[in-house]
Amino acid sequence: MSPNSVAVVDYGMGNLRSVAQAVIHAAQDTGVEVKITSNPQDVRDASRVVLPGQGAMPDCMRELRESGLMEAVLEAADKKPLFGVCVGMQMLFTRSEEDPDARGLNVIPGDVRWISTSVPRPQMQWNQLDVIYPDSMFEGLGQKPWMYFVHSLHGVPDD
């Protein structure tokens, strides 16, 4: 892979095509190479890594281990930007209330918890964010950007 590249990790459980197309769209006109890959060396060689996921965290963790990609993903987490999408984000945490016996990658120490029962679950609606800390991810979106949510769980870092 080129030095300016994104590896979308294919361990058998991800929403690969839609994630890759979103990255391609976001990186258009930048010369970034986007590759869906099941090759650990591609993950190591990429300058950025996206970990998608679809289904349940315990199943995704099992498939990641069995695919032989887990070590490369953990190495990436130490050295380069790593972005988790959907269950891929859940996998970055230590554990999940979805299955209390399942363990994640512990890249982000903390728990994935069910959202409050005060909102419909799964939550499928537009909500406005309140951007408290400046971050390049929200650049140009204003203080209260609208985002579409489809989720039942959320990450709660220890720190």
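A residue counts as buried when its relative accessible area is under 20%. Q90, at 8%, is therefore buried. The structure described here is a predicted model.

**Nonpolar cores**

- The largest nonpolar core has 21 residues, and V9, Y11, V43, L51 and M91 are the ones that touch the most other members.
- At least two residues of this core come from each of β1 (5–9), β3 (48–51), α3 (57–67), α4 (70–79) and α5 (87–91).
- The element that gives the most is α3, with four residues.
- Beyond the residues up to four places away in sequence, L51 touches V9, Y11, V73, L82, F83, G84, V85, G88, M89, M91, L92 and L105.
- V9, Y11 and M91, which L51 touches, are also named among the core members that touch the most others.
- There is a second, separate core of seven residues, including L16, A20, V23 and V50.

- β1 and β3 are parallel and are joined by three bridges.
- Within this pair, A7 has V49 in β3 as its bridge partner.
- β3 also pairs with β4, again in the parallel sense and over three bridges.
- Here L51 stands opposite G84 in β4, and G84 is also among the residues that L51 touches.

**Strands β5, β6 and β7**

- Strand β5 (residues 93–96) runs parallel to strand β7 (residues 108–114), and three bridges join them.
- β5 pairs with strand β6 (residues 99–103) in the antiparallel sense, over two bridges.
- S96 has bridge partners in both neighbouring strands: V112 in β7 and D99 in β6.

**Largest pocket**

- The volume of the largest pocket is about 1800 Å³.
- Its lining comprises 47 residues, and F83, G84, V85, M89 and M137 are those nearest the centre.
- Of these, F83, G84, V85 and M89 are also touched by L51.
- Elements that each supply at least two lining residues are α1 (16–26), β3, β4 (82–84), α5, β7, β9 (146–151) and β10 (153–157).
- By type, the lining residues are 34 nonpolar, nine polar and four charged.
- Empty space of this kind is found by rolling a probe the size of a water molecule over the atoms.

- S5 belongs to strand β1.
- The relative accessible area of S5 is 0%, so this residue is buried.
- S5 is in contact with V32, E33, D45, A46, S47 and R48, leaving aside its neighbours within four places in sequence.
- Q90 is part of helix α5, and its relative accessible area is 8%.
- Residues touched by Q90, not counting those up to four places away in sequence, are M57, S96, E98, V112 and L153.
- Two of these contacts of Q90, S96 and V112, are bridge partners of each other between β5 and β7.

- Most residues other than glycine have a negative phi.
- C86 is not a glycine, yet its phi is positive, at about 60°.
- N106 likewise has a positive phi of about 60° without being a glycine.
- C86 sits in the loop between β4 and α5, whereas N106 sits in the loop between β6 and β7.
- C86 is partly exposed, because its relative accessibility is 46%.
- N106 has a relative accessible area of 40%, so N106 too is partly exposed.
- C86 and I108 are 22 residues apart along the chain, and their C-alpha atoms are separated by 15 Å.

Methods:
Residues are numbered from 1 along each chain as its sequence is written. This is a predicted model: local features need pLDDT of at least 70, side-chain atom pairs count only at pLDDT 80 or more; totals for chains, interfaces and linings use all residues. Side-chain values use heavy atoms; hydrogens and water are left out. A nonpolar core is a set of buried Ala, Val, Leu, Ile, Met, Phe, Trp, Tyr and Cys residues joined through side-chain atoms within 4.5 Å. Buried means under 20% relative accessible area, exposed over 50%, partly exposed in between (1.4 Å probe, protein chains only). Contact means heavy atoms within 4.5 Å. Two strands pair if DSSP finds at least two bridges between them. On a 1 Å grid over the protein atoms alone, a cavity is a set of points where a 1.4 Å probe fits but cannot get out, and a pocket is an open set with protein on both sides within 12 Å along at least five of seven lines; lining residues have an atom within 4 Å of a point. Grid points are joined across faces, edges and corners, and a volume is the space filled by probe spheres set on the points. Ala, Val, Leu, Ile, Met, Phe, Trp, Tyr, Cys and Pro count as nonpolar, Asp, Glu, Lys and Arg as charged, and the others, Gly among them, as polar.
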